[in-house]
Amino acid sequence: MFEYYYEGRCPSFRQVLNKVREGLRLGYRKFEISWGENMIELELFNGELYGHGWIRRFGGDDVAKEINKTRIGV
């Protein structure tokens, strides 16, 4: 599982996208991105990324949808 914890200010949507993409490049299939008590969990299943949870204004589903539409087969 790829785990990353942001400290300090809230991470931007772009920062979280980049961190998940980094994990995908390294071959991870499960992700847990946290900031304080907020957490997004994602999982790669049958070539699609699925997510749930929230970090401030965006959710795991938002992150998964964005990566799925820009990713070409994994």
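Author: Valine 20 touches Phe31, Ile33, Leu42, Leu49, Val63 and Ile67, leaving aside residues up to four places away in sequence. Touching, or contact, means heavy atoms within 4.5 Å. The model is predicted, so local features need pLDDT of at least 70 and side-chain atom pairs count only at pLDDT 80 or more, while totals for chains, interfaces and linings use all residues. Residues are numbered from 1 along each chain as its sequence is written, and side-chain values use heavy atoms, with hydrogens and water left out.

Reader: What makes a set of residues a nonpolar core, and which residues touch the most other members of the largest one?

Author: A nonpolar core is a set of buried Ala, Val, Leu, Ile, Met, Phe, Trp, Tyr and Cys residues joined through side-chain atoms within 4.5 Å. The largest one here has 19 residues, and Val20, Leu42, Leu49 and Val63 touch the most other members. E1, H1, E2, E3, E4 and H2 each give two or more residues to this core. Its largest share, four residues, comes from H1. These element names stand for DSSP runs numbered from the N terminus: helices (H or I, at least four residues) and strands (E, at least two).

Reader: Is glutamate 3 buried or exposed, and how do you know?

Author: Buried means under 20% relative accessible area, exposed over 50%, and partly exposed in between (1.4 Å probe, protein chains only). Glutamate 3 has a relative accessible area of 54%, so glutamate 3 is exposed. Glutamate 3 is found in strand E1.

Reader: How do you know which strands pair?

Author: Two strands pair if DSSP finds at least two bridges between them. Five bridges join E1 to E2, which run parallel, so this pair meets the cut-off of at least two. E2 and E3 pair in the antiparallel sense over six bridges. Seven bridges join E3 (residues 38-45) to E4 (residues 48-55), and these two run antiparallel. The five strands form an open sheet in the order E1-E2-E3-E4-E5, with mixed pairing. The edge strands are E1 (2-6) and E5 (58-59), each of which pairs on one side only.

Reader: Why is the unit made by E1, H1 and E2 called right-handed?

Author: A crossover is right-handed if, with the strands pointing away from the viewer, the path from the first strand over the helix to the second runs clockwise. E1, H1 and E2 make a right-handed β-α-β unit, so the path from E1 over H1 to E2 runs clockwise in that view.

Reader: What makes the contact between lysine 19 and glutamate 22 a salt bridge?

Author: A salt bridge is a side-chain nitrogen of Lys or Arg within 4 Å of a carboxyl oxygen of Asp or Glu. The side chains of lysine 19 and glutamate 22 meet at 3.3 Å, N to O, so the pair qualifies as a salt bridge. Being three residues apart in helix H1, these two are separated by about one helical turn. Lysine 19 counts as buried at 16% relative accessibility, whereas glutamate 22 counts as partly exposed at 29%.

Reader: How many salt bridges does the structure hold?

Author: The structure holds three salt bridges. Among them is the one between lysine 65 and aspartate 61, at 3.2 Å from N to O. Lysine 65 counts as exposed at 53% relative accessibility, and aspartate 61 is partly exposed at 38%.
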